[in-house]
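Please look over the sequence and the structure shown below before reading on.

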Amino acid sequence: WSSGHNNIGDAKRHAYWNAILVADWNATDAEGFTTAYEVSGLADGAAHNETVMDLENNATGRSLYSTGASRATLQAAVTSAATAGSLVILDNLGNTNEVGLIKPSNQ
């Protein structure tokens, strides 16, 4: 999970980050914080498709939290979501001109 950009590792990091934020705070604050973070990146020149990918994975991560879930349980839920194709990645990992398409994480 520690390397890569717009790939499965990136998707898992975003989902896990959001699941942890819900665990530590709540879903509303987690959504507000992470959406603001992504919008600020877009304003600073981040590619649109990367922002969409991140927002999708953030939302999925927030949905994976269940009351009292441990970090290990959240990590396992994120891995399962990635294997099932519930997270999204870009089809062209080298894309910088916003033409890459978002696809399920299991493809």
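Two residues are said to be in contact when they have heavy atoms within 4.5 Å of each other. Helices (H or I, at least four residues) and strands (E, at least two) are DSSP runs, numbered from the N terminus. The model is predicted, so local features need pLDDT of at least 70 and side-chain atom pairs count only at pLDDT 80 or more, while totals for chains, interfaces and linings use all residues. Residues are numbered from 1 along each chain as its sequence is written, and side-chain values use heavy atoms, with hydrogens and water left out.

The buried residues of α3 pack against α1 (8-24), α2 (27-43), β1 (88-90) and β2 (102-104). Buried here stands for under 20% relative accessible area, exposed for over 50%, and partly exposed for what lies in between (1.4 Å probe, protein chains only). Among the buried residues of α3 are Asn 49, Met 53, Asp 54, Gly 61 and Arg 62. Ala 59 also lies in helix α3, but Ala 59 is partly exposed, with a relative accessible area of 35%. The C-alpha atom of Ala 59 is separated by 9.4 Å from that of Thr 35, which is 24 residues away along the chain.

The table sets out the spans of the two helices; the expected span is 1.5 Å times one less than the number of residues.

| Helix | Residues | Number of residues | Expected span | Span between end C-alpha atoms |
|---|---|---|---|---|
| α4 | 71-84 | 14 residues | 20 Å | 20 Å |

In α4, the residues Leu 74, Val 78, Ala 81 and Ala 82 are buried. They cover an arc of only 100° around the axis (taken from the directions from the helix axis to the C-beta atoms), which puts them on the same side of α4. An α-helix has 3.6 residues a turn, so residues three or four places apart point the same way. The cover over the buried residues of α4 includes α1 and α3, whereas the face turned away from the buried side carries the exposed residues Ala 72, Thr 83 and Ala 84. After α4 comes Gly 85, whose phi is positive, near 90°.

A nonpolar core is a set of buried Ala, Val, Leu, Ile, Met, Phe, Trp, Tyr and Cys residues joined through side-chain atoms within 4.5 Å. The largest such core has 15 residues, and those with the most contacts inside it include Met 53, Leu 74 and Val 78. Two or more residues of this core are given by each of α1, α4 and β1, and the largest share, five residues, comes from α1. Leaving aside neighbours within four places in sequence, Leu 74 is in contact with residues including Tyr 16, Ile 20 and Leu 64.
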